[in-house]
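Biologist: Could you take a close look at one part of this model for me? I would like the aromatic rings and the packing around them, with the cut-offs spelled out.

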Amino acid sequence: MEGLANPDQHGPLEVAPVTYWRERVLDQVLLGTLVLGAIVYGPSVYMAVASSTLGVAFIDTVAFAGVIGLYFAKRLPHHVRAAVFLLIIYFLSTWLLVSVGPISQVYLLGFAIFAGLLIGFRAAIGALAISGATLLGVGYHMQANFPSRFLDEFGSLPAWSVITLNFVLVNSVICISIAILLRGLEASIGKEHASAAALQEEHNRLSAAFTQLERESNERDRAQREFRRLALAVDQSTDSVILLNEIGRVEYVNAACLQLTGLSESEVIGCSFVRLINAVSQENDLFVDETRDGARRRLAVRSGGDAPRSIIADIT
């Protein structure tokens with residue numbers, strides 16, 4: 001999963017990835033190292049100088065300075081900061097293992113643990129292999145400085161092989177436990193992220209549907225306003241207007257038509273259009289002019305030889 005600098009920058013439905021929490025852990029570890037390191041740095045360097053092990057004073061100083069630099073180098077990518085921090089731990093532990101003795105194994109223990117915590121399971125496995133090889137190699141070649149009853153009784157290589165296996169065993173248990181915990185956390189966050197993505201998609205779909213409904217509602221309102229304007233214009237028109245249904249019967253007439261025919265609305269509505277025109281023309285001395293355009297008939301009403309007074313309708 002890709003990391004982001006801050007989960008507060010995420011949308012309301014987004015979930016912070018595991019990388020973000022690894023960044024937070026690294027920042028807190030560096031801060032804790034600075035605080036505690038400032039306490040132990042002075043006595044450690046003093047003892048190293050007093051015992052003429054200037055190499056220990058040097059590596060302590062370099063490691064402490066490196067931690068300070070990493071803590072303030074927040075613009076560097078997380079994997080770069082984590083890798084540099086792990087290198088500091090490894091070289092410090094190896095140097096102390098050579099200079100001080102087996103007591104420095106604890107630093108190698110931290111090397112693999114932090115590799116799994118800050119980078120991932122594969123990094124932890126690689127760090128375990130490097131730590132085991134380092135402990136075995138340094139112990140075997142520096143056996144004169146590491147007196148032990150095991151060395152006297154079983155020989156250097158078998159003894160250090162057993163020591164290394166025990167070290168790797170303990171380190172593996174810790175690293176695997178951390179890796180399982182992180183994988184479970186990552187899987188849980190992945191599910192939450194998928195749920196958040198599904199909710200966001202549904203939110204977008206509903207928003208689009210609402211926008212579409214709002215647009216259709218506005219269009220319907222505009223159409224209704226236009227219809228009312230047209231209806232008012234038709235009703236107030238001086239020309240006669242008749243609307244017919246699909247079987248040729250009258251469904252609507254305006255006031256001008258009623259005035260022209262001299263009939264009431266109840267007498268006209270539902271009447272056959274042709275019968276209505278014939279009846280009206282006979283009673284009012286009106287003539288119906290008929291023109292054809294293909295299958296359509298246009299009827300116009302006129303009085304005597306006058307020009308048509310009003311176009312009544314187009315019918316099929």
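To begin with, over the ring of which residue does the charged end of Lys74 sit?

Modeller: Happy to! The charged end of Lys74 sits over the ring of Tyr71, 4.2 Å from the ring centre; the rule asks for NZ of Lys or CZ of Arg within 6 Å of the ring centre and within 35 degrees of the ring normal. A word on the ground rules: this is a predicted model, where local features need pLDDT of at least 70 and side-chain atom pairs count only at pLDDT 80 or more, while totals for chains, interfaces and linings use all residues. Residues are numbered from 1 along each chain as its sequence is written, and side-chain values use heavy atoms, with hydrogens and water left out.

Now to the ring pairs. Rings of Phe, Tyr and Trp (its six-membered ring) pair if their centres lie within 6.5 Å, with planes under 30 degrees apart called stacked, over 60 edge-to-face and the rest tilted. By this rule the count is 7 aromatic pairs. Phe58 and Trp95 have ring centres 6.1 Å apart and planes at 50 degrees, so this pair is tilted. Phe58 lies in helix H2 and Trp95 in helix H3, so the pair ties together parts 37 residues apart in sequence. Helices here are DSSP runs of H or I with at least four residues, numbered from the N terminus. Trp95 is partly exposed, with a relative accessible area of 35%; buried means under 20%, exposed over 50% and partly exposed in between (1.4 Å probe, protein chains only).

Tyr90 and Phe111 also form a tilted pair, 5.2 Å centre to centre with 45 degrees between the planes. This pair links helix H3, which holds Tyr90, to helix H4, which holds Phe111, across 21 residues. Tyr90 counts as buried at 19% relative accessibility, and so does Phe111 at 8%. Together with Phe91, Tyr90 and Phe111 form one aromatic cluster.

Setting aside residues up to four places away in sequence, Thr134 touches Tyr90, Thr94, Leu97, Leu108 and Gly139, where contact means heavy atoms within 4.5 Å.

Leu108 and Phe111 are among the residues with the most contacts inside the largest nonpolar core, which has 38 residues. Such a core is a set of buried Ala, Val, Leu, Ile, Met, Phe, Trp, Tyr and Cys residues joined through side-chain atoms within 4.5 Å. H3 gives the most to this core, with 9 residues.

Notes. Helix = DSSP H or I, 4+ residues; strand = E, 2+ residues; numbered from the N terminus.
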